[in-house]
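Hello,

Here is the structure for you to look at. My notes follow below it.

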Amino acid sequence: FLVDDKGTVLIAAFGLPKAHDDDSTRGVKAALNIYRALNDQSIESAIGITTGRVYCGSVGSNERREYALVGDYVNMSARLMCVADKLFHADNSDDLKDISAKGFNGPRILCDRVTFERASSQVILRQLGSVSVKG
């Protein structure tokens with residue numbers, strides 16, 4: 001866990017050190033379990049899920065080093081998480097006009113198209129439409 005401008009954040013990766021055919025599905029199922037566990041404790045959460053290659057390893061200097069996941073897919077997950085939070089808290093603002101989620105009270109979890117395509121045969125997912133993210 002880390003705390004940043006988005007609050008307390010957990011970054012998880014599946015397929016390390018070896019990728020599996022169902023890593024996308026594993027990620028979605030883990031997200032649902034995490035969401036439910038937090039919800040059971042009345043803790044609000046929003047989750048973004050992406051599928052793709054990232055750098056995973058040590059970053060930093062001799063004075064300060066950390067193990068990190070870095071890359072476009074990590075950034076996209078964070079952006080989807082922010083949109084998921086906005087989507088279910090707000091009354092569909094202009095930047096979310098293409099997503100039809102009014103009246104939807106399911107988990108605040110959004111995934112990218114690749115994750116949707118790879119996991120939808122194993123997990124029931126709802127396609128909401130496209131969304132533009134910053135960055």
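Helices (H or I, at least four residues) and strands (E, at least two) are DSSP runs, numbered from the N terminus. This is a predicted model, in which local features need pLDDT of at least 70 and side-chain atom pairs count only at pLDDT 80 or more, while totals for chains, interfaces and linings use all residues. Residues are numbered from 1 along each chain as its sequence is written, and side-chain values use heavy atoms, with hydrogens and water left out.

The protein chain has three helices and six strands, in the order β-β-α-β-β-β-α-β-α along the sequence.

The largest pocket has a volume of about 1,600 Å³. A pocket here is an open set of points on a 1 Å grid over the protein atoms alone, where a 1.4 Å probe fits, with protein on both sides within 12 Å along at least five of seven lines. The volume is the space filled by probe spheres set on the points, which are joined across faces, edges and corners.

Lining residues, those with an atom within 4 Å of a point, number 48 for this pocket, and Leu10, Ile11, Ala12, Gly48 and Ser77 lie nearest its centre. Strands S1 (2-4), S2 (7-9) and S3 (47-49) and helices H1 (23-40), H2 (72-89) and H3 (113-119) each give two or more residues to the lining. H2 gives the most, with eight residues.

Regards
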